[in-house]
Amino acid sequence: MKHRTLNLRIRLASLALVAGAGVAISNAVLAEEEKGTINLAYVEWSSEVASTNVIAAALEQAGYTVDLTSLSAAAMFQALSTGDADAIVAAWLPTTHADYMERIGDSVEDLGVNLDGTKLGLVVPEYTDVDSIADLNDNADNFNNEIIGIDPGAGLMGLAEEAVDTYDLGLRLRSGSDATMVAALSNAINNEEDIVVTSWTPHWMFARWNLKYLEDSEEVFGGAEQIHTVVRQGLAEDMPEAYAILDAFEWTPEQMGEVMLMNQEDGSDPYENAKQWVEDNQDVVEQWLNN
């Protein structure tokens, strides 16, 4: 790494001598120089896999080395608070991750919204006759008396547990992961069976299948949420350019959906897909890099 940086500086010095004083060096050449390592943590939700790899590819375009670490939600926020992670682009607020943000308090900085237009709740196939959470008990047998959840540390699961209590549901909330939830949903739809799962928008499964949220009359899952970028305290002083890029990072559910669908192709690599999306959407990425 040091050898590569030294050679680059020698090449840049040579260019300056040949071209003469005052010549501007292209952004492409400058981007080659290493500017340090950014540690990004994320949860294995399809949305956060997409967003974290995309911002990683953008930061690499700007000249940074990026390390990605997949963690549970609790461990992700803990790593951010201790400085083991520099940033996340995966904080669902004001509801899902509110408890975690309260716990880590002044050790992090919330840079604000990077994606607007999210939703949480219980989801069923469109063909299912049930339309509200309140009606689940009367149709519990159709759902094998269970709700298929995701990882137990997720804020969504906490809300699902609250929904079970609030609506006095007789269905068991079964924990797992995003992958196991989607697999169960896919299997049920292929067999035209009823199933109820914990889910959120944006998620690629809404583009693949006809699904609907169950009405939440008690508003246990709250209203629409937003996804925030949160960084450790001190990042602005340590890496001001990286901080500025993370602060400027913002995209739409439709753009995120493009990447999530790419990631569902057999044998696809989320990192390679992110790099391809960044390459194909330079007009958007340049707004993050040249804020």
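This is a predicted model: local features need pLDDT of at least 70, side-chain atom pairs count only at pLDDT 80 or more; totals for chains, interfaces and linings use all residues.
User: Fine. How many helices and strands are there in the chain?

Analyst: 13 helices and 9 strands. The chain has 291 residues, and 48% of them count as buried. Buried means under 20% relative accessible area, exposed over 50%, and partly exposed in between, with a 1.4 Å probe and protein chains only.

User: What share of the contacts with a separation of 6 or more comes from residues 24 or more positions apart?

Analyst: 79%. Contact here means heavy atoms within 4.5 Å.

User: Back to β4. Which other strands pair with it?

Analyst: β8 (residues 211-213) is joined to β4 by 3 bridges, antiparallel, with K212 as the partner of V124. β4 (residues 108-125) also pairs with β9 over 8 bridges, again antiparallel. In that pairing D110 has V230 of β9 as its partner, and E109 stands opposite V231.

User: And how many bridges join β3 to β9?

Analyst: 5, with the two strands antiparallel. A87 of β3 (residues 87-93) stands opposite V231 in β9.

User: How many residues of β9 are buried?

Analyst: 7 of the 8 in residues 225-232, so the strand is largely enclosed by the rest of the structure.

User: Switching to helices. Which residues of α13 are buried?

Analyst: V284, V285, W288 and L289, in a helix that covers residues 282-289. Viewed down the axis of α13, these fall within an arc of 135°, so they line one face of the helix. The arc is that of the directions from the helix axis to the C-beta atoms. On the face turned away from the buried side, α13 carries the exposed residues D283 and Q287.

User: What covers the buried residues of α13?

Analyst: The cover includes α3 (46-61), α10 (240-248), α11 (253-263) and α12 (270-280).

User: At what angle do α12 and α13 pack?

Analyst: About 90°, with the axes 5 Å apart. The two helices are therefore roughly perpendicular to each other. The contact is made by W277, V278, E279 and D280 of α12 and Q282, V284, V285 and W288 of α13. Those residues divide into 5 nonpolar, 1 polar and 2 charged.

User: What are the conventions for the angle and the residue classes?

Analyst: Axes are lines fitted to C-alpha atoms, for helices over the stretch in contact, and angles run from 0 to 180 degrees between N-to-C directions. Under 35 degrees counts as roughly parallel, over 145 as roughly antiparallel, 65 to 115 as roughly perpendicular, and the rest as oblique. Ala, Val, Leu, Ile, Met, Phe, Trp, Tyr, Cys and Pro count as nonpolar, Asp, Glu, Lys and Arg as charged, and the others, Gly among them, as polar.

User: Which residues are buried in α11?

Analyst: Q255, M256, G257, V259, M260 and N263. Their cover includes α3, β4, β9, α12 and α13.

User: Backbone checks. Which peptide bonds are cis?

Analyst: The bond from L93 to P94 is cis, with omega near 15°, and P94 lies in the loop between β3 and α5. A cis bond also joins T201 and P202, with omega about 15°; P202 is in the loop between β7 and α8 (205-208).

User: Which residues other than glycine have a positive phi?

Analyst: N144 has phi near 60°, and D168 has phi of about 50°. N144 sits in the loop between β4 and β5 (146-148) and is exposed at 55% relative accessible area. D168 lies in the loop between α6 (155-166) and β6 (172-174) and is exposed at 61%.

Notes:
Residues are numbered from 1 along each chain as its sequence is written. Side-chain values use heavy atoms; hydrogens and water are left out. Helices (H or I, at least four residues) and strands (E, at least two) are DSSP runs, numbered from the N terminus. Two strands pair if DSSP finds at least two bridges between them.
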